[in-house]
Amino acid sequence: MKKVIMKAENLCKSFANNGGQNHVLDMVGLEIYEGDFTVIMGSSGAGKSTLLYALSGMDKPTGGEVYYKEKGIAHLKEKEMAALRAGEFGFVFQQSHLVSNLTLLENVLAAGFLNKQKSGKEVRERAEKLFTRMHVEDAMHRLPSQVSGGEAQRAAIARAIINEPGLLFADEPTGALNKRNTQAVLNLLTELNADGQNILMVTHDVRAAVRATRLLYLEDGKVIDEMAMQPWRSEDARERERQVDAWLASIE
């Protein structure tokens, strides 16, 4: 049986709207398992990103609880939550959000230096190894404005995993990329998961979703269905797309 790394119980998130309440998350319950590449899908407005932010502590839920490694985290004080995010969670977004006046390497190092458990030398060595692994070592001394979107996004992934997070959150990480760069980023995320990185990703793109080992479908703020898949093999790509399309059609 797989080990639960994160769990949500009765998770709610509401926003004030013209004197009423807009319930974006409605008593969500789910479990994220160690070793999985979990993907959350759903139509626009279903609450996918809101759920990701509530699980990761980037936004506080209105109600319910989130457990990470069996510890309740949804209502931690901001200082405690910031320490947890810095040490245990990594984040990748649709835009790279790199600091514009720092080189790619400096962006990664800045995140790495937040980890007080490693020396500056150790952080730099890990950062350089990550750039090599991601095939962007030639760009690491350039500014974000001097590299392609794909290079910037791979640097953002390096920044997200520099501190070896227990869980990597990815919100539409390929949404702003062309087809070639999308494949490069998805290949990288898949390789990281194969090496043991736990990943929770939000996407609307079937080409990204097929990389999952587990798919969840969110509708009207609730998880209404899920599907398990075998670890990714490129030769199965078309069959996996067919399976995901069929699964989505059965829901929608």
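Biologist: Where is Asp220 found?
Modeller: Asp220 is in the loop between strand 9 and strand 10 (222–228). Helices (H or I, at least four residues) and strands (E, at least two) are DSSP runs, numbered from the N terminus. This is a predicted model, where local features need pLDDT of at least 70 and side-chain atom pairs need 80 or more, while totals for chains, interfaces and linings use all residues. Residues are numbered from 1 along each chain as its sequence is written, and side-chain values use heavy atoms, with hydrogens and water left out.

Biologist: Is Asp220 buried or exposed?
Modeller: Buried means under 20% relative accessible area, exposed over 50%, partly exposed in between (1.4 Å probe, protein chains only). Asp220 has 62%, so it is exposed. Its phi is near 50°, a positive value in a residue other than glycine.

Biologist: What is phi of Glu172 near?
Modeller: Phi of Glu172 is near 50°, positive in a residue that is not glycine. Glu172 sits in the loop between strand 7 and helix 6 (179–194). Glu172 is buried, at 13% relative accessibility.

Biologist: What phi does Gly57 take?
Modeller: A positive one, about 85°. Among the buried ones are Lys48, Leu51 and Leu55.

Biologist: How do I read a pair of aromatic rings?
Modeller: Use the distance of the centres and the angle of the planes. Rings of Phe, Tyr and Trp (its six-membered ring) pair if their centres lie within 6.5 Å; planes under 30 degrees apart count as stacked, over 60 as edge-to-face and the rest as tilted. This structure holds 6 aromatic pairs. In one of them, Phe91 and Phe169 have ring centres 5.6 Å apart and planes at 15°, so they are stacked.

Biologist: Which parts does that pair tie together?
Modeller: Phe91 lies in strand 6 (residues 89–92) and Phe169 in strand 7 (residues 167–171), so the pair ties together parts 78 residues apart in sequence. Phe91 is buried at 16% relative accessibility. Phe169 is buried too, at 1%.

Biologist: How are the rings of Tyr217 and Trp247 placed?
Modeller: Their centres are 6.1 Å apart and their planes at 85°, so this pair is edge-to-face. Tyr217 is in strand 9 (residues 214–219) and Trp247 in helix 8 (residues 237–251), distant parts of the chain, 30 residues apart. Tyr217 is buried at 3%, and Trp247 is buried at 7%.

Biologist: Which residues do ring pairs link into a cluster?
Modeller: Tyr68, Phe89, Phe91, Phe93 and Phe169.

Biologist: Which residues is Thr103 in contact with, leaving aside neighbours within four places in sequence?
Modeller: Contact means heavy atoms within 4.5 Å. Thr103 is in contact with Met140, His141, Arg142 and Leu143. Thr103 is in the loop between strand 6 and helix 3 (104–112). Thr103 is buried, with a relative accessible area of 13%.

Biologist: How many helices and strands does the protein chain have?
Modeller: The chain has 8 helices and 10 strands. Its radius of gyration (over C-alpha atoms) is 18 Å, close to the 18 Å of the globule rule for 252 residues, so the chain is as compact as a globular protein of that length. That rule is 2.2 Å times the number of residues to the power 0.38. Buried residues make up 50% of the 252.
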